[in-house]
Each structure stands twice: as C-alpha cells, then as structure tokens.
Amino acid sequence: WVRVLRVLVEDILEVARLDTAAERAELTELQLGEFVRRRVAGAAPNAEVSVLSEAPVLTDPRRLERVLVNLLANAGKHGKPPVEVEVDGQTLRIRDHGPGFSEELLRDGPSRFRTGSSDRGSGHGLGLTIAVAQVKVLGGELKFANVEDGGALVTLVLPDSPA
C-alpha cells in the first residue's frame with residue numbers, strides 16, 4: 001500500500017507542476033525508432049515494435065519516456081494483448097486489442113480521477129492525463145481512438161525537427 005500511495009502522490013504532484021504551464025522541455029535530437037525500441041524492451045517486453053521509417057526528432061527524452069511508459073502501462077493494464085507499437089517518422093502509435101476507450105474519453109479527452117469505461121478496469125485516470133500534459137510541453141499532439149475491429153489506439157505526433 002505504501003508504494004501505491006507514494007506513486008499516486010508523485011503523479012498528483014507531477015500533474016500540479018504541469019498545470020502551472022511553467023514546464024520547459026530540454027530538447028535533444030534523437031532517432032525515434034531506436035529510442036522507442038530500447039524503452040519498450042524495458043517497459044513492456046511483450047509488446048511488438050515495428051519501425052516503418054526512422055526520423056530524427058528534437059524532443060525531451062525524459063518527457064518522451066514518461067509519455068511512452070504511461071501509454072504502454074495503460075495498454076497493458078486496461079487493454080488486451082497484443083500491444084503493438086509502431087514508429088513512422090515522427091509519429092508513434094500504440095494499439096491494444098481490448099475493449100477500447102470510453103466514448104466520454106474520446107469526446108472530452110483524459111481527465112484526472114476519471115478512468116472512463118469499466119470495461120478497461122480501474123485506475124486513477126492520471127497516466128493519460130500526465131501523458132497529454134507532457135506531450136503539450138513537447139509541442140506534440142496526442143490523439144485517442146478506437147479501432148473498428150477492437151482495441152484502443154493512441155497516436156503521438158512529435159513536431160518536426162529543424163534541419
């Protein structure tokens with residue numbers, strides 16, 4: 001219980017910091033496919049990773065890792081296998097094969113302390129809220145959708161890296 005409570009408090013503090021809009025990204029150029037492969041291997045070793053095209057992106061690796069880990073944790077906890085991760089240039093897609101996102105989440109976006117569909121299990125609703133806020137700091141875009149043949153799909157588009 002202590003560990004669960006500690007993680008919850010850390011997540012709440014992170015949301016509070018992100019709410020101040022004072023957070024700034026520490027940008028580094030990296031190869032997105034290579035970065036994603038390494039992080040997925042540690043965070044969700046059963047996830048399938050495919051890199052359709054590799055591209056350099058200018059991003060904050062710490063923030064991007066937080067987003068990726070939160071999205072993978074959400075897919076692993078609330079979805080069903082297989083979890084598929086696809087990198088195409090500066091676009092990252094994570095798909096699970098579970099019940100998908102609630103209509104409320106699709107309409108309004110993630111909201112803290114609201115987990116959406118009971119089909120996707122329980123939680124505090126902070127993981128996706130943090131991911132959205134971190135992507136905003138990165139200057140990217142995060143989209144949530146359901147796949148017609150079942151499952152949830154999250155698409156992250158990072159901004160162009162200057163040439």
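This is a predicted model: local features need pLDDT of at least 70, side-chain atom pairs count only at pLDDT 80 or more; totals for chains, interfaces and linings use all residues.
Trainee: In what order do the elements of the chain run from the N terminus?
Mentor: Helices (H or I, at least four residues) and strands (E, at least two) are DSSP runs, numbered from the N terminus. The chain has five helices and seven strands. Their order is α-β-α-β-β-α-β-β-α-α-β-β.

Trainee: What percentage of the residues of the chain count as buried?
Mentor: Buried means under 20% relative accessible area, exposed over 50%, and partly exposed in between (1.4 Å probe, protein chains only). The chain has 163 residues, and the buried part is 39%.

Trainee: What share of the contacts with a separation of 6 or more comes from residues 24 or more positions apart?
Mentor: Contact means heavy atoms within 4.5 Å. Take the contacts in the chain with a separation of 6 or more. Residues 24 or more positions apart account for 65%.

Trainee: Which residues is Val36 in contact with, leaving aside neighbours within four places in sequence?
Mentor: In soluble globular proteins, nonpolar side chains tend to be buried together. Here, leaving aside neighbours within four places in sequence, the contacts of Val36 are Val49, Leu68, Val85, Val87 and Leu92.

Trainee: What span does helix 3 reach from its first C-alpha to its last?
Mentor: The expected span is 1.5 Å times one less than the number of residues. Helix 3 has 18 residues, and 26 Å is expected. The model comes close to that, at 25 Å.

Trainee: Which residue has a side-chain oxygen reaching the backbone nitrogen of Arg62?
Mentor: A polar contact is a pair of N or O atoms within 3.5 Å; within protein, one must be able to donate a hydrogen and the other to accept it, and residues adjacent in sequence count only if both atoms are side-chain atoms. This one sits at the start of helix 3, to within 3.1 Å. The oxygen belongs to Asp60.

Trainee: How are the planes of Phe101 and Phe144 set, and at what angle?
Mentor: Rings of Phe, Tyr and Trp (its six-membered ring) pair if their centres lie within 6.5 Å; planes under 30 degrees apart count as stacked, over 60 as edge-to-face and the rest as tilted. The count by this rule is one aromatic pair. Phe101 lies in the loop between strand 5 and helix 4 (103–108), and Phe144 in strand 6, 43 residues apart. Their centres are 5.5 Å apart and the pair is edge-to-face, with planes at 90 degrees.

Trainee: Why does Phe101 count as buried?
Mentor: Buried requires under 20% relative accessible area. Phe101 counts as buried because its relative accessible area is 6%.

Trainee: How far does the backbone nitrogen of Phe101 lie from a polar side-chain atom of Asn146?
Mentor: Asn146 is found in strand 6. Asn146 is partly exposed, at 32% relative accessible area. The nitrogen lies from the polar atom at 2.5 Å.

Trainee: Is Ala25 buried or partly exposed?
Mentor: Ala25 is found in the loop between helix 1 (2–19) and strand 1 (28–31). Leaving aside neighbours within four places in sequence, Ala25 is in contact with Asp60, Arg63, Val137 and Leu138. At 26% relative accessibility, Ala25 counts as partly exposed.

Trainee: Which residue follows helix 5 with a positive phi?
Mentor: Helix 5 has 13 residues and reaches 18 Å. The phi of the residue after helix 5 is near 80 degrees. That residue is Gly139.

Conventions:
Residues are numbered from 1 along each chain as its sequence is written. Side-chain values use heavy atoms; hydrogens and water are left out.
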